[in-house]
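The reader may wish to keep the sequence and the coordinates at hand while following the text.

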Amino acid sequence: MSSTEIPGSKFVITTPIYYVNDVPHVGHAYATLNADAVARWHRLLGDDVFFLTGTDEHGLKIQRAAEDGGLEPLEHATRTSERFASTWKMLNISNDDFIRTTEPRHHQAVQALLQKAYDNGYIYADTYEGDYCVPCEAYYVEDDLVDGNCPIHKRPVEHMVEDNYFFKLSAFTDQLTAWLEGSDAEGGDTDGSGSGRNSIRPTGYRNEALGIVRQGLDDVSITRTSISWGVPVPWDTDHVFYVWYDALINYATALGFGADEERFDEWWPAVHHILGKDILRFHGVYWPAMLMAAGIEPLPELHVHGFLLLGGEKMSKTGGLTAITPEELVGDFGVDGFRYAMLRNHSFGPDSDFSYEGIVEAFNTDLANTYGNLVSRVATVVGKKCGGVGPAPAADASLSAAAATAYAEAATAWDSVQPSAALDATWRLLRETNEYLAEMEPWKMDPGPEVDAVMGNALEVIRIASIMASPAIPEAVEVAWKRIGLDGLVSEQRLPAAAGWGGYPGGLDVAIGDPMFPRFKPSA
Ligand code: MSP
């Protein structure tokens, strides 16, 4: 059993922190929405959730972006960081903290953690010569290059020679192998720690990280003297830490590392990182090794997703994505429409094609025709056949088994960070309920116990499915909840109890409102 299944347990979920040389785009929104939905699910379970996001503000890339715009690095970083924060607000992202790596709390934590690694003998001085890709903020060895270019950005690397401090990554080969191998896809306790944790999911990415370790690890350069825009090395202030070694530590900073050890110890065992496959090497190899070097147990679980592709290429600012912004998509589909389509259309793990038509389809089929239509249809029939008062469900309804199955499937999917699969199970229940109504034809029945039972069952599904859908469409479900006469908020419900059949009490006023998701017709 994973730690996340113990009700009331702590649950930390993080997004990568975004570089401030780019403005928030659909690819970033995808990562953040997945983290948000998982955070919301865990709040429903009654977990004590801490959801962290933020911005990565140091490094050469940012320094140059600021220079290009004629700004000081901090001014540039502040402007872009605010754009990320406001985009997340617009998308109804429920983060509990927003970290900026330029904050004093972060500098302090980075210095404390890396000083420990230095004191433990895992950092030493040497000269480095290598090929550096500025957009990646990473060195490459000759073999990695494609026609002399960065394999990811396909642009020339820069040759650099520097006096650097090195991190003895090679010293952690065995420990990293054990950490990566000591977990399995089923969450079994194969590492003997009693924690039953998975290091990296989906398993393919765990194997990829293992492959990197097995290929042989070289020590890595972790400081720079050629730039000043970074966190100063505490034992040699001519150097700043190379941006990745400062950035990864944000996850520890926000939990109080170096400032409030009690708080850190309380939250640390519950950490889950959401990240894209391009930054797997940093999170799945370097980060656990840094923690080991500082004497901290590498407890985080990694949940790795693929890329959203546009025309077969990773969506990014340079990849033509500026044409479609999260703001525009929200303008067309609403916040919940955009959220739903992003979560539903792209299963977590593999690469996935993004398309505008795909959003239209998810919106019209699932939100307008299935969920929205069920709510309107039920309210209309309750108005005509039950005097506008929602009846209680029948105890032995066939739909109760469908609801229980859907809930069990969705709960498993949310627990393994598969929002798309969880929503699939939820919408199957909604479709079954629409089919049930089509079969029963309650609109042809005379008022009485028979129609009351059918409508009570349908209302009960709306109640349960609204809770299950709430991590994806948090505003729409509150509207449906009120329409069927329920008190309080969906977000206040606690699972699994609230998903049990029979929670709709009956005797509540049911309102017929405007369609919740009017069908979207693309303008010609
Ligand atoms: N700053 C680093 C992360 C440091 S975390 C300690 C970084 N930033 S980033 O802004 O370039 O990317 C952040 C995340 O956005 C990555 O996980 C990346 O995979 C994700 N995505 C960027 N474009 C994406 C797509 N087109 N599709 C899916 N995710 C994408 O890397």
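**The chain as a whole**

The structure is a predicted model. Its protein chain contains 16 helices and 18 strands. The radius of gyration is 25 Å, close to the 24 Å that the globule rule gives for 524 residues, so the chain is as compact as a globular protein of that length. Along the principal axes, the C-alpha atoms occupy a box of roughly 85 × 55 × 40 Å.

Of the 524 residues, 58% are buried, and the accessible surface of the chain amounts to about 20500 Å², with 50% of that area belonging to carbon and sulfur atoms. When contacts between residues at least 6 apart in sequence are considered, 77% of them join residues that are at least 24 apart.

**The ligand site**

| Residue | Part of the residue | Ligand atom | Distance |
|---|---|---|---|
| Ile17 | backbone N or O atom | nitrogen | 2.8 Å |
| Gly276 | polar backbone atom | oxygen | 2.9 Å |
| Asp278 | side-chain N or O atom | oxygen | 2.7 Å |

The protein covers 95% of the 660 Å² of accessible area that the ligand has on its own.

A polar atom of the Arg40 side chain lies 2.7 Å from the backbone oxygen of Asn92. Once neighbours within four places in sequence are set aside, the contacts of Arg40 are with Asn92, Ser94, Arg339, Ser470, Pro471 and Pro474.

Ile462 belongs to helix 15 (residues 449-469), whereas Ala480 is part of helix 16. Both positions are buried, Ile462 with a relative accessible area of 1% and Ala480 with a relative accessibility of 0%.

Although Ile462 and Ala480 are 18 residues apart along the chain, their C-alpha atoms are separated by 7.8 Å. For Ile462 and Asp48, which lie 414 residues apart along the chain, the corresponding C-alpha separation is 27 Å.

Which residues touch these two positions, when neighbours up to four places away in sequence are not counted? Ile462 is in contact with Leu374, Val375, Val378 and Ile484, while Ala480 touches Tyr371, Val375, Ser466 and Met516.

**Local backbone features**

Most residues other than glycine have a negative phi, and most peptide bonds are trans. Several positions in this chain depart from that pattern, and they are described here with their surroundings.

A cis peptide bond, with omega of about -15°, joins Arg201 to Pro202, and Pro202 sits in the loop between strand 8 (200-201) and helix 6 (203-214). A cis peptide bond is also found from Leu495 to Pro496, where omega is near 5°; Pro496 is placed in the loop between helix 16 (474-483) and strand 18 (508-509).

Positive phi values occur at Asp147, which is not a glycine and has phi of about 50°, and at Lys154, likewise not a glycine, with phi of about 55°. Asp147 lies in the loop between strand 6 (138-140) and strand 7 (158-167), and the loop between strand 6 and strand 7 is also where Lys154 is found. Are these residues buried or exposed? Asp147 is exposed, with a relative accessible area of 74%, and Lys154, at 60% relative accessibility, also counts as exposed, because the class requires over 50%.

Notes:
Residues are numbered from 1 along each chain as its sequence is written. This is a predicted model: local features need pLDDT of at least 70, side-chain atom pairs count only at pLDDT 80 or more; totals for chains, interfaces and linings use all residues. Side-chain values use heavy atoms; hydrogens and water are left out. A polar contact is a pair of N or O atoms within 3.5 Å; within protein, one must be able to donate a hydrogen and the other to accept it, and residues adjacent in sequence count only if both atoms are side-chain atoms. Accessible areas come from the Shrake-Rupley method with a 1.4 Å probe; for residues, only the protein chains shown count as cover. Contact means heavy atoms within 4.5 Å. Helices (H or I, at least four residues) and strands (E, at least two) are DSSP runs, numbered from the N terminus. The radius of gyration is taken over C-alpha atoms; the globule rule is 2.2 Å times the number of residues to the power 0.38. Buried means under 20% relative accessible area, exposed over 50%, partly exposed in between (1.4 Å probe, protein chains only).
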